[in-house]
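The sequence and structure come first.

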Amino acid sequence: MDLYLLAELKTISLKPQRPARERSPDGSTGQQTAAVNGEADGCVTTVCMQKPPPDFRTNFEATHPPILIDNGLAILENEKIERHIMKSVPGGYNLFVQDKEVATLIENLYSKLKLMLVKKDESKNNALLVHLKKINDHLAVRGTRFLTGDTMCCFDCELMPRLQHIRVAGKYFVDFDIPKHLTALWRYMYHMYQLDAFTQSCPADQDIINHYKLQQMLKMKKHEELETPTFTTSIPVDLNEQ
């Protein structure tokens, strides 16, 4: 089973069993072997549509991901992919729980990050802070490891990559930090950092920064291109004291 995803924001859809293949030199794609609940092996490939890998261009031309390939059958639509995973992959139904409250809660978080990076003013910072506090309060009330329970679902696959971009790009471009007092949010991020599904699909800090530099028509400096990749996964608060 092969799954192609857009590379702009990597999505955690499957649980890796083995280390990810090294990123291509231009950073456009990443590939990893994966499984859902450790049973259904597959390969997840992230695709930059500006520089798609040759096999993707040959097979799909201008078709945008997500695309799921299972036993030679190509499934091209989100809803059909979800139904196929729920039906064919053991434990796949856990990824697609329905929760309107959570769906609304995490909506537009990424757009607030992009506005903050572009506008660089206090009002945009505050808008993002308010949104993060709402997510923190939701997690505090539910008291679960993840957004809807103690099992990771599709909403976590959307939220955690965005939080990682907020941590890395927010700090680099506008010196923005997720407040330490949002302890429920930090606890959530701690649990996500324990998952191979996130750590093995998470882009390096330099790749995240370069992504937004390209959006702002900026270039990576030579020394940045040569840096050893770093991954921000530390937790700045002692969760045992909370």
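E77 is partly exposed, with a relative accessible area of 46%. In this predicted model, E77 sits in the loop that runs between β6 (73–75) and α2. P65 is 12 residues away from E77 along the chain, and the C-alpha atoms of the two are separated by 8.6 Å.

## Overall make-up and confidence

The chain has 10 helices and six strands. Of its 242 residues, 45% are buried. The accessible surface is about 13,100 Å², and carbon and sulfur atoms account for 50% of that surface. Taking contacts between residues at least 6 apart in sequence, 64% join residues at least 24 apart.

The mean pLDDT of the chain is 78, and 76% of the residues reach 70 or more. Residues 7–40 have a pLDDT below 50, yet this stretch has 108 contacts in the model beyond near neighbours in sequence. Where pLDDT is low, predicted coordinates should not be read in detail.

## The largest nonpolar core

Which residues of the largest nonpolar core touch the most other members? They are L132, L163, I166, I178, L185, Y188 and M189, in a core of 52 residues. At least two core residues come from each of α2 (78–88), α3 (100–106), α4 (109–119), α5 (122–142), α6 (154–174), α7 (183–193), α8 (196–199) and α9 (205–215). Helix α6 gives the largest share, 11 residues. Because domain 1 (3–17 + 37–93) and domain 2 (100–226) both contribute residues, this core lies between the two domains. In soluble globular proteins, nonpolar side chains tend to be buried together.

I166 gives a local view of this core. Leaving out residues up to four places away in sequence, I166 touches L109, L113, L128, L132, K171, F176 and I178. Of these contacts, L132 and I178 are also among the residues that touch the most other core members.

## The second core

A separate core of five residues is also present, and V47, F56, I67 and I69 are among its members.

## Salt bridges

How many salt bridges does a search of the whole structure find? The search finds six. Side chains of opposite charge can pair when their charged atoms come close.

One of the bridges joins the side chains of E101 and R142, at 3.5 Å from N to O. E101 belongs to helix α3 and R142 to helix α5, so this pair ties together parts that are 41 residues apart in sequence. R142 is partly exposed, with a relative accessible area of 30%. D99 joins E101 and R142 in a network of salt bridges.

Another bridge is formed by the side chains of K133 and D137, at 2.9 Å from N to O. These two residues are four apart in helix α5, so about one helical turn separates K133 from D137. Both ends are partly exposed: K133 has a relative accessible area of 43%, and D137 has 33%.

The side chains of K171 and D177 also meet in a salt bridge, at 3.1 Å from N to O. K171 is partly exposed at 38% relative accessible area, and D177 is partly exposed at 44%. Besides this bridge, K171 is one of the residues that I166 touches.

## H191

Is H191 buried or exposed? H191 counts as buried because its relative accessibility is 18%, and buried means under 20%. The residue is placed in helix α7. H191 touches R145 and F146, with residues up to four places away in sequence not counted.

## D121

D121 is in the loop between α4 and α5. This residue is partly exposed, with a relative accessible area of 28%. D121 and V174 are 53 residues apart in sequence, and their C-alpha atoms are 9.0 Å apart in space.

Note on methods:
Residues numbered from 1 in each chain as written. Predicted model: local features only at pLDDT ≥ 70, side-chain atom pairs only at ≥ 80, totals over all residues. Heavy atoms only, no water. Core = buried A, V, L, I, M, F, W, Y, C linked by side-chain atoms within 4.5 Å. Buried < 20%, exposed > 50% of the residue type's maximum accessible area, 1.4 Å probe, protein only. Domains from an automatic or database assignment. Contact = heavy atoms within 4.5 Å. Salt bridge = Lys/Arg side-chain N within 4 Å of Asp/Glu carboxyl O. Areas by Shrake-Rupley, 256 points an atom, 1.4 Å probe, with all protein chains shown as cover. pLDDT = per-residue confidence, 0-100.
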